Amino acid sequence: MNVLLLLMSVVLIAFVVWPAFKRGPQQWQFSEEDTPLGRLATRREVLVGNLTDLDFEFAMGKVAEEDYMSLRNSLKQQTLRIMEQMEVLQGGKVKASEASKATPKAAGSPAPAADFCPACGQATPGNARFCPGCGGALVLEESR
Amino acid sequence: MLLADIGNYALIAALVFACAATLASLSGARLKDTRLLLIGERSVYAVFLLVTVSIASLWTMLLSDEFAIRYIYGHSSEALPLAYKVGSLWSGQEGSLLLWTFVLCAFSAVAVFTQRHRHNRLLPVAIPVMMVTAVFFLFLNNFRTNPFEQWTGITAAGAEVPFTPDDGRGLNPLLQHWAMVIHPPILYIGYIGFVVPFAFCIAALVTRQLGSSWVVTVRRWTLTAWMFLAAGILLGGKWAYMELGWGGYWAWDPVENASLIPWLTGTAFLHSVIVQEKRGMLKVWNVTLICLTFILSILGTFLTRSGVVSSVHSFAQSNVGDAFGVYLVLTVVGCTALILSRLPDLRSEGRIDSFVSREAGFLFNNLLFLVLALAVLFGTVFPIFSELITGRVVNVNQPFFNFIAIPIGLLILWLTGIGPLLAYRKTSHSSLRRNFTMPTVAGILAGPAFYALSDWALGGRPGPWPLISVMLCAFVVATIVQEFHAGARTRMRQHKELYPLALLNLTRRNNRRYGGYIVHLGIVLIFIGITGQAFTREVRGVVGKGESFQVGPYEMTMDGFRSHDDALYEGTTIDLIVTRNDRALYRLSPEKRFYKASEQPASEVAIARQLNHDIYVVFAGINEDGDKAVIQAYINPLVAWVWIGGIVMILGTLVSMLPALKPGQSEVR
């Protein structure tokens with residue numbers, strides 16, 4: 001019986017210390033979600049989720065129009081700030097496709113302003129008709 | 001005894017590997033060396049494997065009646081049915097603590113396996129937290145409550161020899177019930193499940209990664225633990241109701257309270273964590289609540305296992321009390337110091353703009369749950385302190401708990417309706433009017449309606465508390481219905497879907513929120529069930545064969561005695577025929593038993609279940625002349641809704657744990 005227990009111990013110890021003999025990079029790499037950029041991305045996802053929820057609650061008639069506009073604006077500002085920080089970290093611009101994915105269009109009336117330039121991804125002020133970044137025309141989407 | 005040696009060896013080896021996991025992970029994190037971190041992870045798997053071997057060997061010996069093992073001798077017998085033999089593993093201290101360790105190691109291994117790529121920054125600190133807990137419990141398993149201890153006899157020459165008794169002393173009859181077979185493991189999964197959120201919280205504090213990341217990671221873990229704890233508490237209630245024979249399911253018994261307290265703080269955490277995710281607020285609350293929940297889970301185990309609540313003296317005799325005490329004090333001091341040192345990192349990203357906002361609702365919710373938890377805790381540990389200080393046990397009884405719990409419980413119920421309808425940041429008057437008109441009307445109308453119907457339906461007029469409770473229940477149900485209905489209508493408009501499909505897709509799209517509403521509905525049903533208690537009727541009848549007595553609207557006629565005798569127990573059953581308006585409805589057969597192996601009596605109640613009330617009868621004994629049966633009969637209104645509410649609550653939790661649909665992912669068409 002002692003042989004059995006001994007064998008079990010040897011197998012377990014071998015299993016546990018095996019990585020010590022592995023070759024290859026041994027420096028610890030953070031997983032993507034644990035990098036500053038990853039954390040900002042998580043935060044952005046949450047904010048985008050909040051925007052979607054808010055739009056739906058407004059469409060449900062749960063949120064009064066005045067509340068909706070101010071809440072949406074502040075969420076939008078926060079999202080923009082996060083994206084600016086991500087831009088700085090990435091050392092470049094967030095791609096336009098990501099930007100447009102990031103902020104859903106407001107639901108219902110009044111007609112919302114475009115949040116980002118569809119061409120270059122530059123954030124645009126509330127009622128601009130042309131993009132301050134690339135000069136392209138900003139088309140306002142018709143509300144549903 | 002081969003299996004006992006294997007079990008013992010596995011416990012010792014597990015302790016060694018748990019220490020190794022702690023050291024390897026900590027030094028790996030410090031030296032930033034992947035090899036050490038991997039060794040730490042693998043050690044966790046090894047600990048899990050070893051504890052599995054240990055518990056499996058105890059189980060095998062239980063099923064094969066190895067009465068040479070003291071624990072098996074004390075908690076099983078040859079005649080015990082198989083299901084109860086399986087359950088007798090956790091019927092005593094040694095086995096329960098081994099189960100604790102097993103569940104803890106299983107949770108740790110699954111957490112490491114699922115999070116190893118996602119959170120390699122938090123994991124090297126989370127592993128030591130889980131493994132230090134494992135080291136503590138393995139220490140108890142090995143040196144204080146070893147389940148593998150064997151009987152020894154002493155020969156005439158004075159030598160110690162192994163000794164095997166012929167049969168065991170049997171399982172406590174009160175524990176011979178299906179709910180008791182599954183209640184402890186389910187409750188333990190609940191208690192111990194909180195170790196994972198706790199470990200990740202500590203890791204986030206240590207590494208100062210205090211944003212939404214750890215909160216998102218622990219969400220499902222917390223929900224799982226919370227759901228199992230809820231199910232465990234309800235099963236405990238179900239068992240008490242069917243086995244203890246006093247007609248109720250909740251007595252504010254210290255052991256019951258011990259499981260309720262962490263559930264209350266856990267519930268507060270589940271809610272307040274949403275605010276951290278959505279608004280970056282209440283961070284100090286969240287780390288405090290999860291640490292508190294974990295500590296209270298350990299305290300719950302300590303209270304039930306050390307015997308301290310029945311008397312300080314049994315605490316002194318218990319061989320785990322001091323170890324638990326030291327562990328608890330260290331954990332409390334460590335957590336407090338860590339949270340205090342991280343206060344600057346826990347600064348809120350926003351502030352509460354208005355009292356009429358969802359954040360404020362969540363904050364009140366936290367406060368109420370915490371006050372309730374602390375009040376119950378105070379009432380539970382008061383006898384201990386009174387005995388320590390005055391030398392006399394002063395028990396805090398039901399009126400104290402009801403005095404505290406009823407108003408706070410109803411306030412929480414009220415918030416259940418209010419909270420979800422408030423918007424974040426602020427809610428304007430027009431929104432308030434729009435959202436609360438219908439539910440308020442429903443709540444107000446429910447009052448007189450209930451008052452008018454209660455005499456006919458429940459056999460009595462309600463006092464103020466039941467009336468308020470029913471009005472609030474109606475209010476909350478109306479808010480939930482309104483939420484589902486308005487959401488479905490919006491989807492019908494936006495996506496051109498049919499109503500049932502819109503309801504389904506609405507829930508699927510935002511399963512967290514709508515699953516939460518289903519849980520709230522379950523809570524309302526439980527409140528309705530609890531409210532029914534105010535209308536309980538109790539009658540004592542002494543009847544011979546053919547005689548009858550009246551219980552509420554029912555007439556119970558005694559139809560004779562039957563006796564039973566087998567290897568497990570001797571029993572006497574009486575048959576009662578229940579009639580209403582001369583129509584026979586049920587035949588109820590309560591029983592008195594005497595278990596042979598443990599030489600203990602037990603009573604089996606008989607229950608006729610209906611949605612409006614249970615008819616609950618106990619065979620209390622035989623009268624002095626020996627010719628009549630003494631029967632304790634109860635009409636328990638609305639009890640069924642407690643269990644139905646529990647099931648709805650669990651279903652709701654499962655819905656909110658479903659993986660979220662990503663934007664663009666297909667819906668049901």
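Q: Taking helices (H or I, at least four residues) and strands (E, at least two) as DSSP runs numbered from the N terminus, in what order do the elements of chain A run?
A: This is a predicted model, in which local features need pLDDT of at least 70 and side-chain atom pairs count only at pLDDT 80 or more, while totals for chains, interfaces and linings use all residues. Residues are numbered from 1 along each chain as its sequence is written, chains are lettered from A and ligands numbered from 1 in the order in which they are written, and side-chain values use heavy atoms, without hydrogens and water. Chain A has 4 helices and 0 strands, and from the N terminus its elements run α-α-α-α.

Q: What share of the residues in chain A is buried?
A: A residue is buried under 20% relative accessible area, exposed over 50% and partly exposed in between, for a 1.4 Å probe and protein chains only. Of the 144 residues in chain A, the buried ones make up 40%.

Q: Among the contacts in chain A with a separation of 6 or more, what percentage joins residues 24 or more positions apart?
A: A contact means heavy atoms within 4.5 Å. Among the contacts of chain A with a separation of 6 or more, residues 24 or more positions apart account for 50%.

Q: Where in chain B does Lys32(B) lie?
A: Lys32(B) has a phi near 50°, a positive value in a residue other than glycine, and its relative accessible area of 38% makes it partly exposed. Lys32(B) lies in the loop between α1 and α2 (34–63) of chain B.

Q: How many residues apart are Phe302(B) and Phe324(B)?
A: Rings of Phe, Tyr and Trp (its six-membered ring) pair if their centres lie within 6.5 Å, and planes under 30 degrees apart count as stacked, over 60 as edge-to-face and the rest as tilted; by this rule there are 35 aromatic pairs over all chains. Phe302(B) and Phe324(B) form a tilted pair, 5.7 Å centre to centre with 50° between the planes. The pair links helix α11 (residues 283–306), which holds Phe302(B), to helix α13 (residues 321–341), which holds Phe324(B), and the two residues are 22 residues apart.

Q: Which ring has its face under Arg70(B)?
A: A charge sits over a ring if NZ of Lys or CZ of Arg is within 6 Å of the ring centre and within 35 degrees of the ring normal. The charged end of Arg461(B) sits over the ring of Tyr451(B), 5.1 Å from its centre. Arg70(B), at 4.4 Å from the ring centre, lies over the face of Trp151(B).
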